Amino acid sequence: MARVSNLSADMTIVFKTLIVDDSETFRHLLKEILSARFPSMEITEAVNASSVLEQVNRLGPDLILMDIKLPDGSGLGLTRSIKVKHPDTIVAIITAYDLPEYRYAASKAGANHFIHKDSFAGDDILNLVVSIVSTQDKH
């Protein structure tokens, strides 16, 4: 699903990622890490649920890294809505709440991945994104 754009005479794959989290520190740190690893990745951010659906429709991200709890809504509800209109968009729920019932709810909402924020220190989030990007590059 990665978008192909013509830059000069070369064809370059542009992978679009949307980070949805109410923590400015977490969003910026994650964006910094992803930008360092994927310099050509387009990364946008959303702070709250009210802006997410508009951004998804306008930007068409390949990957959404979604917090499960937002100040004005649920990442699970957003995932469900996004998957109805954009079934090929990959959604990874990233949360501080690593509970079996949340994993189940994320799966039922259509999330492709579920990862605990504590995994951030162990590079699990970066490894997940590397895996997703490399899979998309093969399509």
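**Helix packing and sheet order in a predicted model**

The buried residues of α3 (75-85) pack against α2, β5, β6, β7, β8 (90-95) and α4 (100-109). Contact here means heavy atoms within 4.5 Å, and buried means under 20% relative accessible area, with exposed over 50% and partly exposed in between (1.4 Å probe, protein chains only). Helices (H or I, at least four residues) and strands (E, at least two) are DSSP runs, numbered from the N terminus. The structure is a predicted model, in which local features need pLDDT of at least 70 and side-chain atom pairs count only at pLDDT 80 or more, while totals for chains, interfaces and linings use all residues. Residues are numbered from 1 along each chain as its sequence is written, and side-chain values use heavy atoms, with hydrogens and water left out.

The protein chain contains 5 helices and 9 strands. Starting at the N terminus, the order of elements is β-β-β-α-β-α-β-β-β-α-β-α-β-α. Of its 139 residues, 42% count as buried. Among contacts in the chain with a separation of 6 or more, 61% come from residues 24 or more positions apart.

An open sheet of 5 strands has the order β4-β3-β5-β8-β9, with parallel pairing. The strands β4 and β9 (113-116) stand at the edges with a single partner strand each, so one side of each lacks a neighbour in the sheet. From one strand to the next, the twist averages 20°. Two strands are taken to pair if DSSP finds at least two bridges between them. Strands β3 and β5 are joined in the parallel sense over 4 bridges, and the bridge partner of I19 in β5 is L65. Helix α2 packs on this sheet and touches β3, β4 and β5, its direction making about 160° with that of β4. Helix α3 also packs on the sheet, where it touches β5 and β8, and its direction makes about 180° with that of β8. For these angles, axes are lines fitted to C-alpha atoms, for helices over the stretch in contact, and values run from 0 to 180 degrees between N-to-C directions.

Within α2 (residues 49-59), the buried residues are A49, V52, Q55 and V56. Viewed down the helix axis, they fall within an arc of 105°, so they line one face of α2; the arc is that of the directions from the helix axis to the C-beta atoms. The exposed residues S50 and R58 lie on the other side of α2. The cover over the buried residues of α2 includes β3 (16-20), β4 (42-46), β5 (63-67), β6 (69-70), β7 (73-74) and α3. Following α2 is G60, which has a positive phi near 60°.

In α3, the buried set consists of G75, L76, L78, T79, I82 and K83. Their arc around the axis is only 155°, which puts them on the same side of α3. The exposed residues V84 and K85 are carried on the face turned away from that buried side. The N-terminal end of α3 is capped by S74, a side-chain oxygen of which lies 3.0 Å from the backbone nitrogen of L76. G77 also lies in α3, and counts as partly exposed because its relative accessibility is 26%. G77 and A49 are 28 residues apart in sequence, with a C-alpha to C-alpha distance of 9.3 Å.

D67 is placed in strand β5 and counts as buried because its relative accessibility is 5%. Not counting residues up to four places away in sequence, D67 touches V20, D21, D22, G75, I94, T95 and K117. K117 itself is found in the loop between β9 and α5 (124-137), and is buried with a relative accessible area of 19%. Its contacts, leaving aside neighbours within four places in sequence, are D21, F26, D67, I94, T95 and A96. With D21, the side chain of K117 makes a polar contact, side chain to side chain, at 2.7 Å. A polar contact is a pair of N or O atoms within 3.5 Å; within protein, one must be able to donate a hydrogen and the other to accept it, and residues adjacent in sequence count only if both atoms are side-chain atoms.
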